[in-house]
Amino acid sequence: LFTGLTQEYHNFENRSSVICREILPDFSYSERQIDQVCNLIMATKIPFEPNNRREKILIDARMDFIGRPDYSSQIKLLYQEMKEAGAKINGQQFKKQQLEMLYNFEFYSLAARRLREVSGSDQMTTLEEERWI
């Protein structure tokens, strides 16, 4: 779904949609089907603006790490990934972005909300206590 990551780290959703439009016609996808796939890809771009249930489910899947017990280690990997990809962000800026995202994020589907072992507010507490940033 996020094939654009192979070519571009920032705005990979846009690049993924371009690749989708280049490749899917070779697999007999209709223009309507390609539009649906591209809409799914673009729905996962922050800030989220889902238009249907499928887009909401995909966003929930992308943000799954929020409710996991290993959130702290996952967020460390994300920060390292961003730095290696050339992001001009320091630890405090990253931490602030993540806290804002946690504060504003709510899973869309009932299943995603029920499957989360750790709440967003608990993850905010964990992140605020982190000393590696």
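Where does Y29 lie? Y29 sits in the loop between α1 and α2 (31-43). The model is predicted, so local features need pLDDT of at least 70 and side-chain atom pairs count only at pLDDT 80 or more, while totals for chains, interfaces and linings use all residues. Residues are numbered from 1 along each chain as its sequence is written, and side-chain values use heavy atoms, with hydrogens and water left out.

**Overall build**

The chain has seven helices and zero strands. Helices (H or I, at least four residues) and strands (E, at least two) are DSSP runs, numbered from the N terminus. Along the principal axes, the C-alpha atoms fill a box of roughly 50 × 35 × 20 Å. Of the 133 residues, 36% count as buried; buried means under 20% relative accessible area, exposed over 50%, and partly exposed in between (1.4 Å probe, protein chains only).

Q123, in helix α7 (residues 120-129), counts as buried because its relative accessibility is 3%. The C-alpha atoms of Q123 and Y9 are separated by 25 Å, and the two residues are 114 residues apart along the chain.

**Surface patch**

Y29 is partly exposed because its relative accessible area is 38%. Together with I23 and F27, Y29 makes a nonpolar surface patch of about 310 Å². Patches are made of residues with over 30% relative accessible area and no salt bridge, with like charges joined within 9 Å and nonpolar side chains (Val, Leu, Ile, Met, Phe, Trp, Tyr) within 5 Å. A salt bridge is a side-chain nitrogen of Lys or Arg within 4 Å of a carboxyl oxygen of Asp or Glu.

**Pockets**

A pocket is an open set of points on a 1 Å grid over the protein atoms alone, where a 1.4 Å probe fits, with protein on both sides within 12 Å along at least five of seven lines; lining residues have an atom within 4 Å of a point. A volume is the space filled by probe spheres set on the points.

| Pocket | Volume | Lining by class |
|---|---|---|
| Largest | about 900 Å³ | 13 nonpolar, five polar and seven charged residues |

The largest pocket has a volume of about 900 Å³. Of its 25 lining residues, Y9, F12, I46, R62 and L78 are the closest to its centre. Two or more lining residues come from each of α1 (12-23), α3 (53-62), α4 (71-84) and α5 (91-104). α4 gives the most, with six residues. Residues lining the second largest pocket include I66, L102, Y103 and R113.

Note on methods:
Nonpolar A, V, L, I, M, F, W, Y, C, P; charged D, E, K, R; others polar. Areas by Shrake-Rupley, 256 points an atom, 1.4 Å probe, with all protein chains shown as cover.
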